[in-house]
Amino acid sequence: MFEQHRETLEKALSAIAERGYWSAYPESPSPRVYGEGAAERGKEAFESYLGKPFPLDQPGTGSWIGAERSPYGIDLGVTYPEPLVDDLIAAARAALPAWRDAGPEARALACVEIVDRINRRSFELANAVQHTTGQAFVMAFQAGGPHAQDRALEAVAYGYAAMTSSAASARWEKPAKGEPLVMDKRFTVVPRGVALVIGCNTFPTWNAYPGLFASLVTGNPVIVKPHPRAVLPLAITVRIAREVLAEAGFDPGLVSLAVEEGQGLARTLATHPDVRIVDFTGSTEFGDWLEQNARQALVHTEKAGVNTIVVDSTGSWRGMLGNLAFSLSLYSGQMCTAPQNLLVPAGGIETDEGHKSFDEVCAGLAGAVGRLLGDDARAVELTGAIVNPDVLARVEAAPSLGEVVLESRAVKHPGFPDAVVRTPVIVKVSPDDSDVYGREHFGPIAFVIPTGSTQESLEVLRRTIKARGALTAAAYSTSDEVLDQAERAALDAGVNLSCNLTGGVFVNQSAAFSDYHGTGANPAATASLTDPGYVAGRFHIVQTRRPA
């Protein structure tokens, strides 16, 4: 089971050092990649869960709970064992010693086996992700499947590299009068303790896998607490992990599922004295609460941010508009990396098609979104569905915030008549309206802001992100000097920057093994997916020594 994955682990270790393109798991859903009939079998596996208790053997109250409804208008009807918190934690604690004693290599290879089995069920997971998040199927397959699996493997590689950065044992000899002083020393990786992963509604696997596998590879048992609207993808994940661990001779209590229908379980778990690590993706409000109250734990949060784009000039007017339109429309802007604020000089910009006034920039952007989403059948494969009523309410309220540049429109989904689909709304607001654009409006909502100059735009970027955080920023300019200034502003604000994206790479995409997701250097996140700091606090080194 383990040895077959040694090469994969070694390639992943090389990839995190070199930062070039590498992927262990193909993103194409083609039958040539995953085999004939894989898509059909995956859909059948997904459908086999509907309307039934989920097959998961773990401690519980004996009751079965669940309230998932697909954003495409389907009641999933899947129920899950209601957890007993103390039983889950007791099982995790009992499983820890043998997992710790197995050592870094065995843990790493076991984790790669788990990810490999998850990959084999990518179509099953894609259907589960689609019908819990509202993502279109291809995006659900890629982001919820291979891309999330790459992030999992990346976390395993970082964890393994951190644990093995120094020798596990040493013979220590110090010259002395007569015989030297000789000691044998052993250095053991000791896990921090029980870990908790709190999942999100929009990207349940992509955002949960880094924390899950970073904790597991470093020796910590993990309790997975999904978002109540997106349980099934993580339930499938937990079931696979438990099966692999049991086959490998470990206690499956190392990974467990904690489901709730309402609110409160995450707070109870996060503040339990035996929970020593918390990974969370979601709202700023709850992320702040965790940071302030889960004081017994190492807390990693990814929260809301105000992603900003500075437009100074462009050498590809049509390429820029097309790229921005795609970025605003992808999954209806329901991405933590989606752009929200577009800062444009009030006097307009220079382009390869001549000078464009501010109003022409607004009209060009609105036209690009309109062309991209003009065909309803094509539009829904890009936008997906609105994930929950809160997003819909924000879209409907957005026109009251300023001057509407592009109205949102309802789209009828040809395959799911009850799906709620909305195209982006674009609103012009004043630079003085920082109370509007200075906070996140999660969903397909964007603001175009006329500034006095590009320098003012960069200052707004710097000020807004320092105050509210961001996961992405972008700049368009034909001037190297302006791009250098934008990079300095991004460094000051602590945000990752993309420049002059006009082709097939978009600001809201993040590639494992090369792109860092978040920085930990602004309020949107306390850590980066994935860097050494993300894994280092999950374990300690304990030394023993004795005379040789």
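The sulfur of Cys336 has its closest cysteine sulfur in Cys200, 7.7 Å away, which is too far for a bond. A disulfide here is a pair of cysteine sulfur atoms within 2.5 Å, and a search of the whole structure turns up zero of them. Cys499 is in no disulfide either: its nearest cysteine sulfur, that of Cys336, is 20 Å away.

A quick word on the model: it is predicted, so local features need pLDDT of at least 70 and side-chain atom pairs count only at pLDDT 80 or more, while totals for chains, interfaces and linings use all residues. Residues are numbered from 1 along each chain as its sequence is written, and side-chain values use heavy atoms, with hydrogens and water left out.

| Residue | Relative accessible area | Class |
|---|---|---|
| Cys336 | 19% | buried |
| Cys499 | 31% | partly exposed |

Now for the sheet. Three strands make an open, antiparallel sheet in the order E3-E4-E19. Strands are DSSP runs (E, at least two residues), numbered from the N terminus, and two of them pair if DSSP finds at least two bridges between them. Strand E3 (169-174) and strand E19 (539-547) are at the edges with a single partner strand each, so one side of each has no neighbour in the sheet. From one strand to the next, the twist averages 25 degrees, with axes taken as lines fitted to C-alpha atoms and angles running from 0 to 180 degrees between N-to-C directions.

E3 pairs with strand E4 (residues 181-191) in the antiparallel sense over six bridges. Arg171 stands opposite Asp184 in E4.

Conventions. Helices (H or I, at least four residues) and strands (E, at least two) are DSSP runs, numbered from the N terminus. Buried means under 20% relative accessible area, exposed over 50%, partly exposed in between (1.4 Å probe, protein chains only).
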